[in-house]
Amino acid sequence: MTCLECKKALSYIDHRNAMDTLGLELCSRHKGRIEKLIKLKRTPKEAILLYYGLKEVGIHPTLEWWDGKKSVDISISRVKLNIEIDTAYNLITHDQAIQNLEEAMHSFRNGFTTIRIPHILIKHYLKETVANIKGISESLKTNTKTI
Ligand SMILES: [Zn+2]
């Protein structure tokens with residue numbers, strides 16, 4: 001049992017605390033950092049799970065990346081891919097929908113692709129979600145190279 005972030009060995013208590021609150025193996029310092037982020041930016045827990053899932057397969061994502069207009073849940077800046085986690089997928093209003101579209105347009109203008117992932121997908125298909133994002137990321141890398 002080591003911290004996902006700093007590889008520090010975790011005590012039984014640290015491990016249990018982190019697993020109970022976040023479902024991730026983090027030392028108390030890094031658990032605190034994530035909890036602060038969740039509180040400040042209202043980062044969905046699923047974004048945190050996906051962030052560590054992506055790191056595990058060798059991708060370098062950034063949590064709460066500032067794109068000049070808003071904070072993006074996860075960004076993979078190397079391939080200009082933004083990932084937003086939708087937490088209330090069934091309850092989307094027309095106002096939210098047009099805002100999402102405008103944000104996507106803004107991202108495209110900056111050369112970024114935005115994908116929206118329903119939070120339930122991360123809950124039930126984390127591995128598959130990570131694998132698909134890895135595939136998208138690799139395709140973006142290949143496509144950018146050919147330009
Ligand atoms: Zn740590």
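## Basis of the model

The structure is a predicted model, in which local features need pLDDT of at least 70 and side-chain atom pairs count only at pLDDT 80 or more, while totals for chains, interfaces and linings use all residues. Residues are numbered from 1 along each chain as its sequence is written.

## Two domains

The protein chain is divided into domain 1 (1-41) and domain 2 (44-146); such bounds come from an automatic or database domain assignment. The contact between them takes eight residues from domain 1 and seven residues from domain 2, where two residues are in contact if their C-beta atoms, placed from the backbone, lie within 7 Å. On the domain 1 side, the touching residues comprise six nonpolar, one polar and one charged. In this classification Ala, Val, Leu, Ile, Met, Phe, Trp, Tyr, Cys and Pro count as nonpolar, Asp, Glu, Lys and Arg as charged, and the others, Gly among them, as polar. The centres of domain 1 and domain 2, taken over C-alpha atoms, are separated by 23 Å.

Helices (H or I, at least four residues) and strands (E, at least two) are DSSP runs, numbered from the N terminus. Helix 2 covers residues 28-41, and its 14 residues should span 20 Å at 1.5 Å a residue; the end C-alpha atoms are 20 Å apart, which agrees. The expected span is 1.5 Å times one less than the number of residues.

Helix 2 is followed by Arg42, which is found in the loop between helix 2 and helix 3. Most residues other than glycine have a negative phi. Arg42, however, has a positive phi near 55°. Arg42 counts as exposed because it has 11 C-beta neighbours inside 10 Å. A residue is buried if 20 or more other C-beta atoms lie within 10 Å of its own, exposed if 12 or fewer, and partly exposed in between, with C-beta atoms placed from the backbone.

## Helix 3

The 12 residues of helix 3 should span 16 Å at 1.5 Å a residue, and the 17 Å between its end C-alpha atoms agrees with this. Nine of the 12 residues are buried, so helix 3 is largely enclosed by the rest of the structure. Among the buried residues are Ile48, Leu49, Leu50, Tyr51 and Tyr52. Just after helix 3, Gly58 takes a positive phi of about 90°.

Strands of a sheet pair through backbone hydrogen bonds, either parallel or antiparallel. Here four strands form an open sheet in the order 1-2-3-4, and the pairing is mixed; two strands pair if DSSP finds at least two bridges between them. Strand 1 and strand 4 (113-118) are the edge strands, each pairing on one side only. From one strand to the next, the twist averages 45°. Helix 3 (residues 45-56) packs on this sheet, touching strand 1, strand 2 and strand 3 (81-86), and its direction makes about 15° with that of strand 2. For such angles, axes are lines fitted to C-alpha atoms, for helices over the stretch in contact, and angles run from 0 to 180 degrees between N-to-C directions.

Strand 1 (residues 62-66) and strand 2 (residues 71-76) pair in the antiparallel sense over four bridges. Within this pair, Thr62 has Ser75 of strand 2 as its bridge partner, and Trp65 stands opposite Val72 in strand 2. The hairpin of strand 1 and strand 2 has four residues between the strands, and in it Gly68 takes a positive phi near 105°. Strand 2 is mostly covered, with five of its six residues buried. Strand 2 also runs antiparallel to strand 3, joined by three bridges; Ile74 has Ile83 in strand 3 as its bridge partner.

Lys80 is found in the loop between strand 2 and strand 3, which form a hairpin with four residues between them. Although Lys80 is not a glycine, its phi is positive, about 55°. Lys80 counts as partly exposed because 18 C-beta neighbours lie inside 10 Å.

Arg116 lies in strand 4. Arg116 has 15 C-beta neighbours inside 10 Å and therefore counts as partly exposed. Not counting residues up to four places away in sequence, Arg116 touches Glu84, Asp86 and Asn100. The C-alpha atoms of Arg116 and Cys27 are separated by 30 Å, and the two residues are 89 residues apart along the chain.
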